[in-house]
Amino acid sequence: MGKLLEPIWGSKEFLKFIFIVNFLTSVCVFITAIALYYLTMQEKYLYMPLSGFHGVLAGFLVGIKQIVPDQELYLLKIKVKWLPSLMLLLSIAISFFTPESATYLPSLIFGTYIGWIYLRYLQRKPESKLRGDPSEDFAFSTFFPEFLRPIIDPIASIFHRMLCGKSEASSNPQGYTLGGAPLLGSDPIEASRRRERGARALEERLAAEKLAAGRDSEEPHIDGNDRV
């Protein structure tokens, strides 16, 4: 995942994403454990070991969803944009059968959500001096099936206004506007360019891997001829 994300974000932004997502995920998990203790008065929530890199890995999946949403996985025949949702769905399902794995759920859920918040509202684009990605293809409801989106969108809009302190009055080809002024990060052209760069980087990496594999398969044949 790093091979795909770092060339597009840059090393500095890549490390910044890791630090912010990991730190905020840990804070949210800590607060959740304290809240569960006060709600249930069970001390296991205070002494449950919680650690790991799972939140950042979940955030990386969100980043890949943003960059190459329509890329298909060769083996599974599903689009990349569904990877975060499938990961959470499988994790929740597994936690019902193996209670030990339930300790990873808070990190995965918060990592996914915080990764999305950062990429949606906070990530700065040096080339355009804008923040975030307001495209419809990266809305919160895109994590859910199509038939659930009419229910999710009104709820997500409430949290959007709480987070931004703004309401989107209208949308046009130039970006979202508020009282005639464009909002920060409201450039759909920039979002499209970022997805194109992601798709191009993925294609180049796959082509390089195929070329390397082809060379490796030729070397034994050449060595055999030399011995003969």
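Let me start with a term we'll need: a crossing of two helices is left-handed if the near helix is turned anticlockwise from the far one by less than a right angle, and right-handed if clockwise. Helices here are DSSP runs (H or I, at least four residues), numbered from the N terminus, and strands are runs of E of at least two.

Please keep in mind that this is a predicted model, where local features need pLDDT of at least 70, side-chain atom pairs count only at pLDDT 80 or more, and totals for chains, interfaces and linings use all residues. Residues are numbered from 1 along each chain as its sequence is written, and side-chain values use heavy atoms, with hydrogens and water left out.

Now, the helix pairs. Take α5 (residues 83-97) and α6 (residues 105-122): their axes come within 10 Å and cross at roughly 160°. Axes are lines fitted to C-alpha atoms, for helices over the stretch in contact, and angles run from 0 to 180 degrees between N-to-C directions. Angles under 35 degrees count as roughly parallel, over 145 as roughly antiparallel, 65 to 115 as roughly perpendicular and the rest as oblique. So α5 and α6 are roughly antiparallel, and their crossing is left-handed.

The tally for α4 with α6 is five nonpolar, nine polar and no charged residues.

What about aromatic pairs? The whole structure holds 13 of them. One is Phe-17 with Phe-60, stacked at 6.0 Å centre to centre and 20° between the planes. Rings of Phe, Tyr and Trp (its six-membered ring) pair if their centres lie within 6.5 Å; planes under 30 degrees apart count as stacked, over 60 as edge-to-face and the rest as tilted. Phe-17 lies in α2 (residues 11-40) and Phe-60 in α4 (residues 54-67), so the pair ties together parts 43 residues apart in sequence.

Technical notes. Ala, Val, Leu, Ile, Met, Phe, Trp, Tyr, Cys and Pro count as nonpolar, Asp, Glu, Lys and Arg as charged, and the others, Gly among them, as polar.
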